[in-house]
Amino acid sequence: MFKNVIVRKPSKNMVEGITSAPELGKPDYKLALKQHEDYINALKSCGVEVTKLEEDDRYPDSCFVEDVAVLTRKCAIITNPGALSRKGEEKEIIETIKKFYKEDKIEYIKGSATLEGGDVMMVGDHFYVGLSDRTNKEGINQFISILKKYGLTGSAVEMKEFLHLKTGVAYLENNNMLVSGEFVDHPDFKKYNKIVIDEEDQYSANSIWVNDKVLVPKGYEKTKKAIENAGYEVIVVDTSEYRKLDGGLSCLSLRF
Ligand code: CIR
């Protein structure tokens with residue numbers, strides 16, 4: 001179960017955030033703020049305490065806090081973003097993490113190693129890490145060595161299609177996993193009960209489990225139904241403005 005969630009208010013500069021889909025247009029900042037509030041309320045209804053950080057105008061993508069840290073039951077790992085414009089964002093989360101973890105339980109990805117939290121999927125005490133454009137081999141090696149120190153395990157997942165690992169796969173606990181695209185038949189995820197997301201609904205693979213409820217992006221009725229049929233209560237949240245920046249429900253928070 002998660003007790004806490006950290007989010008960061010989007011900056012007005014989010015309109016300059018990184019995107020692979022400029023054809024969707026720039027986000028509407030006002031609407032993005034409203035959607036962020038709705039997201040926070042949805043999380044609160046799952047029984048978590050939400051810590052909301054101030055906006056940071058220096059980093060257009062800083063509302064996507066998931067990428068700058070990985071928070072486990074045993075330790076916190078501050079990452080090292082692979083995207084140039086996001087380098088430094090990780091420093092701005094440290095003070096907040098210190099409120100939840102003792103200093104000797106806070107670890108760091110260092111040097112030329114890169115890793116973004118969107119590439120890390122927690123399944124109990126095991127962490128799958130996508131080898132993506134943002135997360136390199138060295139990043140994964142450092143990450144797995146840190147996990148080992150705490151009795152946790154990790155493994156690299158080969159991928160080429162998605163921005164981050166969790167752009168295309170989500171663990172819903174109880175052995176249930178949402179999978180799409182290259183992850184549908186991925187050997188690493190063979191043993192899970194797979195809920196397959198159709199190509200056209202791919203964006204909804206980025207749904208999140210929070211204390212036995214699942215937050216699903218608005219507009220994906222088929223995904224919603226499939227998750228309900230698996231026994232979960234679904235909360236629909238509109239993330240249209242974040243989608244324009246390749247961001248979704250998981251990217252917008254750290255859940256621990
Ligand atoms: C980026 O490209 O870094 C942001 N525009 C989107 C980050 C999405 N984060 C995530 O999937 N964890």
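**Strands, cores and loops**

Modeller: Strand 1 and strand 15 run antiparallel and are joined by two bridges. Strands here are DSSP runs of E with at least two residues, helices are runs of H or I with at least four, and both are numbered from the N terminus. Before you ask, this is a predicted model: local features need pLDDT of at least 70, side-chain atom pairs count only at pLDDT 80 or more, and totals for chains, interfaces and linings use all residues. Residues are numbered from 1 along each chain as its sequence is written, and side-chain values use heavy atoms, leaving out hydrogens and water.

Colleague: Okay, which residue stands opposite Ile6?

Modeller: Leu254, in strand 15.

Colleague: And what's the strand order in that open sheet?

Modeller: It's 2-1-15, three strands with mixed pairing. Two strands pair if DSSP finds at least two bridges between them. Strand 2 (49–53) and strand 15 (254–255) are at the edges with a single partner strand each, so one side of each has no neighbour in the sheet.

Colleague: New topic. How many residues are in the largest nonpolar core?

Modeller: There are 36, and Tyr39, Leu43 and Leu172 are among those with the most contacts inside it. By nonpolar core I mean buried Ala, Val, Leu, Ile, Met, Phe, Trp, Tyr and Cys residues joined through side-chain atoms within 4.5 Å. Buried is under 20% relative accessible area, exposed is over 50%, and partly exposed is in between (1.4 Å probe, protein chains only).

Colleague: Which elements supply it with at least two residues each?

Modeller: Helix 1 (29–44) and strand 1 (4–8) are among them, as are strands 11 (193–197) and 14 (233–237). Helix 1 gives the most, five residues.

Colleague: What does Leu172 touch?

Modeller: Leaving aside residues up to four places away in sequence, Leu172 contacts Leu178, Ile195, Trp209, Val214, Ile227 and Tyr232. Contact means heavy atoms within 4.5 Å.

Colleague: Is Asn211 buried or exposed?

Modeller: Asn211 counts as buried, at 10% relative accessibility. Asn175 also has a positive phi, near 70°, and sits in the loop between strand 9 (169–171) and strand 10 (176–180). Asn175 is partly exposed, though, with a relative accessible area of 29%.
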